Amino acid sequence: MRKMISVTLRGAGYDVMEASDGMEAAAILKTTVVDLIVSDINMPRMNGIDLTRQVRSGGINKSTPILLLTTESSPEMKNQGREAGATAWIVKPFQPDQLAGVVGQVLSRTKRL
Amino acid sequence: MKQDLQTQLVRELVIESLEGLDSFDSFLLAVEKGGYSDELLNNAFRVIHTIKGSSGCLGLASIEHLAHAGENLMAQVRDGKTSVSGELTSVLFRYSDALRAMLRELEEFGEVRSHSDQGLIESLQAAQVNADALEDSAFGFFEPVEVLPVPRVPQDEPPIRTEAVTPQAKESSPASKAASESVIRVDIGQIDKVMNLVGELVLARNQIVQFSNQYSDPALGNAVQRVNLITTELQENVMKTRMQPIESVWSKFPRIVRDLCHELGKDALLQMEGQEVELDRTIIEAIKDPLTHIVRNAVDHGIESAEKRALSGKPAQGTIRLRAYHEGGQVNIEISDDGKGIDPDRLLRKAVQRGLISPEQSQRMSEREIKNLIFLPGFSTADAVTNVSGRGVGMDVVKTNIEKIGGSVEIQSQRGLGTVFRLKIPLTLAIIPALLVTSGGDRYAIPQASLLELVRIEGDQVAQAVEFIHSTPVFRLRGKLLPLVDLNQELELGGEREPGAPIFLVVLQAEGKHFGLMVDAVNDTEEIVVKPLGRELSGLPVYAGATIMGDGHVALILDVLGIARRAGILTDNEHSDSRVTKESTTADETAETASLLLVEVERMRFAIPLSNIARLEEIPAKHVENTPEGRAVRYRGQIMPLIGVASALGLDTNLRDNRPDPFQVVVCREGDRNFGLVIDTIEDIVHTELHARTESGQPGIEANYILQDRVTSLMDVEQLIRQTRTTARKAA
């Protein structure tokens, strides 16, 4: 999954940094400013919702957009994601070019705001 | 072949869906007004359902996707699970606009280029009761966003949607079938072709009719007669197929008014009367934008805010009325509002500020001229440019567009009471009534729409009839100076007029200015088929087209506007070589000199401005009838109310029994109606300077003057008419 995402986004011309779980991601995000965080919800050690909360709680990536990958677009997921402060969601599975499109959308929207 | 079918199906989908969305909008408007019928609701639901179904069948995923989102919500509304009100209608309006935008793209480019508005879909879903059961989106933002396209959805989509669509798509076909049984859609180009052929047939018919007159065979006569009748009927019926009810333009207005009111914080009700009046589709197309502009102006400039309305004692909700009706082979469209009206002082100030007129000019302008300022290019009274209005592109374009199709715009406004725009529009452009004249040996056709009257001057009068002001010929017509244009000279046909020969004047109107066209002879009026000019001639502004006459000869159709421009009757801002207008307008439209009809009522002397007067008539007492609104008389096919000046002004009416029979009636025209002022005797017509003005407190009297050593009261005819009408209405 992670491989597919990074390959897709590199192919679309983005620089991608990978992390194997939420903890690892949180560590990177403390020191590196990024344009967008793409995170699964189900991850070992720290899940996507908790990661989102932590990023939003403060630090250099406080206002970086966060795109959550989810298996279902249920109201519970939406509530959690919204409360945590994530920006957008996309349901798995998706086509690679669909993801690239969504990432483009999220980025362009954030720039506009 | 398969591609053709697809294209055709897509086109049908677009047409059907756009029409459907209009009725969807009317459902929403009904909701906002506080009540809707089940029928409207079911209809609205069916519209969405059909759009979803048909677009699904044709593989238009993004339209289907968006339509689906609204369908679920509408289904809940229909089943009574959700109620539509307030905010939801705004979302649904956006929804209908978004669908419309996609359909337009489809129509224009053959594909949908933008993508469904995810924020909108979310809002629609948020409004549903059990959103989870209907979840179908694959991507979204956590909070609704205003406008955000979503990437194009690939054909192989999550299975839920595909399943949901197939059965419904099948259901949707019977609904559209019902309509298709009695109505077919015909390409407009096809109808235009038929129309052209009918035009040719009419011309051929005219020739045959003339030709057959040379033979006395009754069988031929009968056959020609039949061809004649059938052609006329065919022509009428083909014309009818081109006709569309004006409603097709008006149906957009409730929505426009609503949106504007929301935007500007105003409240206005739109009333419509005469939606069924039909016009040729080319004309419908041509008046769409001008009408929209006037309606927007009515909301923006006309209707005041609720607070201001309350202060001036009006109901908080403003009213905008659209009225269409036939009159004299034309259609009149009135757009009236009960708003603040036009403030002449403000108009003048703005016009001077913008450098459209000089301050000196502003001193001399008559009320009518001031109101016509709004038709000047670059004019705007708005203090700030809003996205509604204030850019000053507008009324001038409205006027030119209406005049382009042979129509006219008139404006009446009363400060504090409202404004009325009256548009006169020809029914069709393809076949028009025209006056045929001869000049320089050739025949010309003049469209009746710009024709006011014909004047024949003969005998002794010929010598004195034409006067010259600064070498410009003018003619005194009922006290007004009428600039003259000699057609022979303008078209450089040559040929001097014999001194003493009768002069034929065709009095024409172009952009509100009157002028007389001198021709050699006036022939006849005829319905002519308008043919465009060939490329070699089409650049000539004095001709509007050509027609073929009964005898097979070609007659050129004169473009009245073009002739007036060429002769310098109309002054463009760039062209200040106005040979005529300045002299003639200042001569009788400034306050100092006036042309007046002097009359006597109850032994008192009154003056009526000639500009108010249409005719002078003697009406036998036995023709006068009583109506609930007072006395009236049948006059030129209309009911003309009679206003007794004596009683209207509250004069002593002891002498009533001695009133002479027939009645002396001054016919005045106000808007499109005639009114008869009953007076005792007509004394004189004078062109005079007005001095020694004394203001008058009496309603219906503008001021008192001393004329020919007698005290003379100048009547305010408009006020007099208004006043009598209101009292009559109250009495009724």
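Trainee: What percentage of the 113 residues in chain A is buried?
Mentor: Buried residues make up 33% of the 113 residues in chain A. A residue is buried if 20 or more other C-beta atoms lie within 10 Å of its own, exposed if 12 or fewer, and partly exposed in between, with C-beta atoms placed from the backbone. Please note that this is a predicted model, in which local features need pLDDT of at least 70 and side-chain atom pairs count only at pLDDT 80 or more, whereas totals for chains, interfaces and linings use all residues. Residues are numbered from 1 along each chain as its sequence is written, and chains are lettered from A and ligands numbered from 1 in the order in which they are written.

Trainee: How many helices and strands are there in chain A?
Mentor: Chain A has 5 helices and 3 strands, in the sequence pattern α-α-β-α-β-α-β-α. Helices (H or I, at least four residues) and strands (E, at least two) are DSSP runs, numbered from the N terminus.

Trainee: And what share of its contacts comes from residues 24 or more positions apart?
Mentor: Among contacts in chain A with a separation of 6 or more, such residues account for 52%. Two residues are in contact if their C-beta atoms, placed from the backbone, lie within 7 Å.

Trainee: Turning to chain B, in what order do the 6 strands of the open sheet run?
Mentor: The order is β22-β26-β27-β25-β24-β23, with mixed pairing. Two strands pair if DSSP finds at least two bridges between them.

Trainee: Which are the edge strands?
Mentor: They are β22 (613–619) and β23 (625–627) of chain B, each of which pairs on one side only. β22(B) is joined to β26 (residues 663–670) of chain B by 6 bridges, and the two run antiparallel. There, B:Ile619 has B:Phe663 in β26(B) as its bridge partner.

Trainee: What about β25(B): how many of its 7 residues are buried?
Mentor: In β25 (residues 638–644) of chain B, 5 of the 7 residues are buried, so the strand is largely enclosed by the rest of the structure. With β27 (residues 673–679) of chain B it pairs in the parallel sense over 3 bridges, where B:Ile643 is opposite B:Leu677.

Trainee: Which residue in the turn between β24(B) and β25(B) has a positive phi?
Mentor: B:Arg636 does, at about 50°; the two strands form a hairpin with 2 residues between them. B:Glu602 also has a positive phi of about 50° although it is not a glycine. B:Glu602 lies in the loop between β20 (593–601) and β21 (604–609) of chain B, and counts as partly exposed because it has 16 C-beta neighbours inside 10 Å.

Trainee: Is B:Glu492 buried or exposed?
Mentor: B:Glu492 counts as exposed, with 7 C-beta neighbours inside 10 Å. Its phi is near 55°, and B:Glu492 belongs to the loop between α18 (487–490) and β15 (503–510) of chain B.

Trainee: Finally, which residues of α10(B) are buried?
Mentor: B:Phe253, B:Val257 and B:Arg258 are buried in α10(B). Seen down the axis of α10(B), the buried residues fall within an arc of 135° and so line one face of the helix; the arc is that of the directions from the helix axis to the C-beta atoms.

Trainee: What follows α10(B)?
Mentor: B:Gly265 follows α10(B), with a positive phi near 65°.
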